[in-house]
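Dear colleague,

Please find the structure below. My notes on what was found in it follow.

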Amino acid sequence: MKRRDFLRQAMMASIGVSGVLVPMLTAHAAADPFYAQAFSDLQGQEHDFTQFLGKPVVLNFWATWCPPCVKEMPDLDALHNAHDDVQFVGLAVDTEINVRKFGEKVQVSYPLLIAGHGGIKLMRQLGNKQGGLPFTVVFDADGNVIKRILGQIDPDELAQFIKGI
């Protein structure tokens, strides 16, 4: 347990807050507001982004019609398979039907979720003022943005960064 978490628990206990709630409060208090979002997968199941708290996340905004996005997917998949301690997520700025058709042809081992056209607003909120694709954001285990990459990733650079998390 980190010192600050211990101190928070001690403070909460002294004012009568149950220790059971403190880990939830601690985890969500530091997370970027992006973690309040929920997205559907290719099967239509909704996923709260908070499920990814607790380990670093590499979030890749992409679209089926974006050649550099599609080109970097095998690199992201290889990195995902090489780093079990990091969660990779593809977030499509595209329609569900396009992503579903794409998923039949190109498969990756990390989850593909759908943001739809609202993904552009989300990218801008995360620091991508141009709204360009692909856009990759790395979050630490507490849900804080620690790196932004606009454009196609360099797999070696991203691998080195991940090792340092």
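**Disulfide**

The torsion about the S-S bond of Cys-66 and Cys-69 is about 75°, so this disulfide is right-handed. The two sulfur atoms are 2.3 Å apart, and the criterion for a disulfide is a pair of cysteine sulfur atoms within 2.5 Å. The structure holds 1 disulfide. Cys-66 is buried at 5% relative accessibility, and Cys-69 is buried at 0%. Buried here means under 20% relative accessible area, with exposed over 50% and partly exposed in between (1.4 Å probe, protein chains only).

**Basis of the values**

This is a predicted model, in which local features need pLDDT of at least 70 and side-chain atom pairs count only at pLDDT 80 or more, while totals for chains, interfaces and linings use all residues. Residues are numbered from 1 along each chain as its sequence is written, and side-chain values use heavy atoms, with hydrogens and water left out.

**Nonpolar cores**

A nonpolar core is a set of buried Ala, Val, Leu, Ile, Met, Phe, Trp, Tyr and Cys residues joined through side-chain atoms within 4.5 Å. The largest one has 23 residues, and Val-58, Trp-62, Phe-88 and Leu-158 have the most contacts inside it. Two or more residues each come from strand E3 (57-62), helix H3 (67-82), E4, H4, E5 and helix H6 (155-163). Helices (H or I, at least four residues) and strands (E, at least two) are DSSP runs, numbered from the N terminus. H3 gives the largest share of this core, 4 residues. A second, separate core of 21 residues includes Ala-31, Phe-39, Phe-61 and Leu-122.

**Phe-88 and the aromatic pairs**

There are 12 aromatic pairs in the structure. Rings of Phe, Tyr and Trp (its six-membered ring) pair if their centres lie within 6.5 Å; planes under 30 degrees apart count as stacked, over 60 as edge-to-face and the rest as tilted. The pair of Phe-88 and Tyr-110 is tilted, because the ring centres are 6.5 Å apart and the planes are at 45°. This pair links distant parts of the chain, 22 residues apart: Phe-88 is in strand E4 (residues 87-92), and Tyr-110 is in the loop between helix H4 (96-105) and strand E5 (112-114). Phe-88 is buried at 1% relative accessibility, and Tyr-110 is buried with a relative accessible area of 4%.

Leaving aside neighbours within four places in sequence, Phe-88 is in contact (heavy atoms within 4.5 Å) with Val-58, Leu-76, Leu-79, His-80, Tyr-110, Pro-111 and Ile-162.

One aromatic cluster is formed by Phe-34, Tyr-35, Phe-39, Phe-49, Phe-52, Phe-61, Phe-135 and Phe-139.

**Other sites**

Lys-147 lies over the face of Phe-161, 5.1 Å from the ring centre. The criterion is NZ of Lys or CZ of Arg within 6 Å of the ring centre and within 35 degrees of the ring normal.

His-47 is in strand E2 (residues 46-48) and counts as buried at 16% relative accessibility. Its side chain makes a polar contact with the side chain of Gln-51 at 3.4 Å. A polar contact is a pair of N or O atoms within 3.5 Å; within protein, one must be able to donate a hydrogen and the other to accept it, and residues adjacent in sequence count only if both atoms are side-chain atoms. Not counting residues up to four places away in sequence, His-47 touches Gln-37, Ala-38, Phe-39, Asp-41 and Leu-113.

Asp-85 is in the loop between H3 and E4. With the same exclusion of residues up to four places away in sequence, Asp-85 touches Lys-55 and Pro-56.

Regards
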